[in-house]
Amino acid sequence: MKSPSKMQQQEQQEQQQPWLADDDAEDADADTRCGIGPCKRLEFFNKYFANKNTFIFVYGVLGCIYGSTYAYSNATLSTIEKRFKIPSKVTGVISVGNDISSLFVAGLLGYYAGKGHRPRWMAVGIFCVAMFCFITLLPHLIWGPGEDALSLTLEQGGVGDSTDYDVQLIMKRKTLCRAGFNDSLAGAECYSPGNTEESGIAPAFLLFLAQFISGIGGSLYYTLGTSYMDDNIKRSKTPALVSVTYFMKMLGPAVGYSLASFFLKVYIAPDLTPSITNTDPRWLGAWWAGWAVLGSLLLFMAFLISMFPQTMPRTIIRRREARARGEQVEQSASSEKASLSDMIDTVKRLLKNKIYMCNTLAAIFYMFGFMPFWMYTPKYIEVQYRVSAARASFFTGSVGLVFSAFGILISGFVITKFKPTARCLAMWNVFVSIIAVCATITYPFLGCNESDMQSRQMVLHK
């Protein structure tokens, strides 16, 4: 049996006492020690949290839960619109609240937080996303399920005796009323814009505030997590390990849509007995319940991500060995001093980087086309194909997003193994994007003739 090599013995020693691996630097123990406050004295965190594998797992799980929040938000969008009488043009503004905050704070926060303890800053960002979940929950805690939902319960004397056609006609009239077509609907029941609860002004403000806060937290999560992995993982292993984290992130939307499908099957007032089924257009699911679950999970994950050290012990060892061999060692982002002038110089360098700017512009145009599609897909399926919100959420999360997740995972290992050139990767991206655009163009030609005919009859009725 062969005796372990010197390198293997060193790695075994690091796994047993990773925070003591670098003894020739004064600040090594402080930089590589895990935990916050009293937790620093617990050997559990120093033993299991001072290695890249644990970080990849925790960061990936965190990305999965984080991605679930936005998927859950999109899946429950139509239910929130019906509950608070909020038109789609307003929910569209609400949904971009996180993008607005990211636009103003992402660069500034990402730069200064990147010079500090990045795992702790990530924890602050995830705490903001958890606040987004709890603030989104507030409208239900303040205004409850609403009179419309309560009137459809057996406890309130609700009777589900209307035909499906009559119900759809009523819902169509109310939708047109909210869109401002009151004059063309003689006798239709419209909502009074003076009623704060019915018009949805206050709930819409809370939902926008929640989205705005989430944008701050999300910018910290994405910018700091990627740079932390880049500084603490060997470049030869980066594509495979990063693809694992993105695979888990892509599973997040699938989990979010599945969670929404589950809760939307439950009535908005679970303690009451509804007089209708979840296939009825008047059905309102328990959209609020998932926010309590996701917010609690994010608080727990924020605690875990804050336990990681500022720098991994193995990273310090690699830098020390490189210096001993006379090699030039690139400093990590957190080791440089932050200043406004340095930030301006960094931005100027990025603006002059043609490859970076082309990728940035490509991402901007991609988001222009992709975000509305992803945001309104559940509602489109619900309205176009006359299915419940729960089924629409299930179909959205179980098909495309799962395949995307596996595609990212496989691509990471392919890049690691075959190491294709940058030109080859760019051409592949263009090829796949063209196929995706062509497939999306076919959507307007898909539909149900019988469903379209019913919609025309409902508009022309009376």
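Colleague: Which residues line the second largest cavity?

Modeller: Lys52, Phe55, Ile56, Tyr228, Met229, Asn232, Ile233 and Met312 line the second largest cavity. A cavity here is a set of points, on a 1 Å grid over the protein atoms alone, where a 1.4 Å probe fits but cannot get out, and lining residues have an atom within 4 Å of a point. Bear in mind that this is a predicted model: local features need pLDDT of at least 70, side-chain atom pairs count only at pLDDT 80 or more, and totals for chains, interfaces and linings use all residues. Residues are numbered from 1 along each chain as its sequence is written, and side-chain values use heavy atoms, with hydrogens and water left out.

Colleague: Which elements give two or more residues to that lining?

Modeller: Helix 4 (52–75) and helix 12 do that for the second largest cavity. Helices are DSSP runs (H or I, at least four residues; strands are E, at least two), numbered from the N terminus.

Colleague: And what is the lining of the second largest cavity like by class?

Modeller: The lining of the second largest cavity has six nonpolar residues, one polar and one charged. Ala, Val, Leu, Ile, Met, Phe, Trp, Tyr, Cys and Pro count as nonpolar, Asp, Glu, Lys and Arg as charged, and the others, Gly among them, as polar.

Colleague: How many cavities of 30 Å³ or more does the search find?

Modeller: Two, searching the whole structure. The second largest cavity holds about 30 Å³ of space, and the largest cavity has a volume of about 120 Å³. Volume is the space filled by probe spheres set on the points, with points joined across faces, edges and corners.

Colleague: Which helix gives the largest share of the lining of the largest cavity?

Modeller: Helix 6, with three residues. Helix 5 (77–84), helix 6, helix 8 (118–143) and helix 12 each supply at least two residues of the lining of the largest cavity.

Colleague: Tell me about Ser73. Buried or exposed?

Modeller: Ser73 counts as buried, at 12% relative accessibility. Buried means under 20% relative accessible area, exposed over 50%, partly exposed in between (1.4 Å probe, protein chains only). Ser73 sits in helix 4 and touches Gln211 and Trp291, leaving aside residues up to four places away in sequence. Contact means heavy atoms within 4.5 Å.

Colleague: Back to helix 6. At what angle does helix 6 pack with helix 12?

Modeller: Helix 6 (residues 88–95) and helix 12 (residues 201–232) pack at about 30°, and their axes are 8 Å apart. So helix 6 is roughly parallel to helix 12. Val90, Val93, Ile94 and Ser95 of helix 6 meet Ala204, Leu207, Phe208 and Gln211 of helix 12. That contact of helix 6 with helix 12 has six nonpolar, two polar and no charged residues. Axes are lines fitted to C-alpha atoms, for helices over the stretch in contact, and angles run from 0 to 180 degrees between N-to-C directions. Under 35 degrees counts as roughly parallel, over 145 as roughly antiparallel, 65 to 115 as roughly perpendicular and the rest as oblique.

Colleague: How do the axes of helix 12 and helix 13 cross?

Modeller: The axes of helix 12 and helix 13 (residues 238–264) cross at roughly 155° and come within 11 Å, so helix 12 is roughly antiparallel to helix 13. On the helix 12 side the contact uses Tyr221, Tyr222, Thr226 and Met229, and on the helix 13 side Val242, Thr245, Tyr246 and Lys249. Those residues divide into five nonpolar, two polar and one charged.

Colleague: New topic. What is phi of Lys85 near?

Modeller: Phi of Lys85 is near 55°, a positive value in a residue other than glycine. Lys85 lies in the loop between helix 5 and helix 6 and is buried, with a relative accessible area of 7%.

Colleague: What about Lys419, buried or exposed?

Modeller: Lys419 counts as exposed, at 61% relative accessibility. Phi of Lys419 is near 50°, again positive in a residue other than glycine. Lys419 belongs to the loop between helix 19 (400–418) and helix 20 (422–441).

Colleague: And the whole chain: how many helices and strands?

Modeller: The protein chain has 21 helices and zero strands. Buried residues make up 42% of its 462 residues.

Key. 1 Å grid on protein atoms, 1.4 Å probe; cavity = no way out; pocket = protein on both sides within 12 Å on 5 of 7 lines; lining within 4 Å.
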